[in-house]
Amino acid sequence: MNPNYITAARIVGAVGLLLLSVTHQPLTAFWLIYAFCGITDMADGYIARRFSAVTKTGELLCGKVNPES
């Protein structure tokens, strides 16, 4: 799987977290999406490093999602 798709899924998850927090939805949904974002972050990093799947797009997207990277 292309790590860029995983990063894009994390961006969608971040938007979902924002929407859940603004609309005051149940915390269970919030934490499930939060956990999903964390797992995809680990998977993205692992795949990118393990298979040398680093792309310019991935560097740009990951820099937006993970400012500390």
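Me: Where is S21 placed, and how should I read an element label such as α1?
Reply: Helices are DSSP runs of H or I with at least four residues, strands are runs of E with at least two, and both are numbered from the N terminus. In this predicted model, where residues are numbered from 1 along each chain as its sequence is written, S21 sits in helix α1, which covers residues 3-22. Local features need pLDDT of at least 70, side-chain atom pairs count only at pLDDT 80 or more, totals for chains, interfaces and linings use all residues, and side-chain values use heavy atoms, with hydrogens and water left out.

Me: Is S21 buried, partly exposed or exposed, and what does its side chain reach?
Reply: Buried means under 20% relative accessible area, exposed means over 50%, and partly exposed is in between, with a 1.4 Å probe and protein chains only. S21 has a relative accessible area of 39% and is therefore partly exposed. A polar contact is a pair of N or O atoms within 3.5 Å; within protein, one must be able to donate a hydrogen and the other to accept it, and residues adjacent in sequence count only if both atoms are side-chain atoms. Here the S21 side chain comes to 2.9 Å from the backbone oxygen of L18.

Me: What span is expected for α1, and what does the model show?
Reply: The expected span of a helix is 1.5 Å times one less than its number of residues. With 20 residues, α1 extends 29 Å from its first C-alpha to its last, close to the 28 Å expected. Its buried residues are P3, N4, I6, T7, R10, G13, G16, L17 and L20.

Me: What follows α1, and which loop holds S52?
Reply: After α1 comes H24, with a positive phi near 55°, although H24 is not a glycine. H24 belongs to the loop between α1 and α2 and, at 68% relative accessibility, is exposed. S52, in the loop between α2 and α3 (56-65), likewise is a residue other than glycine with a positive phi, near 50°, and its relative accessible area of 62% makes it exposed.

Me: How many salt bridges are counted, and which side chain meets R10 at 3.7 Å?
Reply: A salt bridge is a side-chain nitrogen of Lys or Arg within 4 Å of a carboxyl oxygen of Asp or Glu, and by this rule there are two. In one of them, the side chains of R10 and D41 meet at 3.7 Å, N to O. Because R10 lies in helix α1 and D41 in helix α2, the pair ties together parts that are 31 residues apart in sequence. R10 is buried, with a relative accessible area of 4%, whereas D41, at 28%, is partly exposed.

Me: Which residues make the nonpolar surface patch?
Reply: Patches are made of residues with over 30% relative accessible area and no salt bridge; like charges are joined within 9 Å, and nonpolar side chains (Val, Leu, Ile, Met, Phe, Trp, Tyr) within 5 Å. L27, W31 and Y34 make a nonpolar surface patch of about 380 Å², the area coming from the Shrake-Rupley method with a 1.4 Å probe, where for residues only the protein chains shown count as cover. W31 lies in helix α2 (residues 27-50) and is partly exposed at 48% relative accessibility, while Y34 is partly exposed at 47%.
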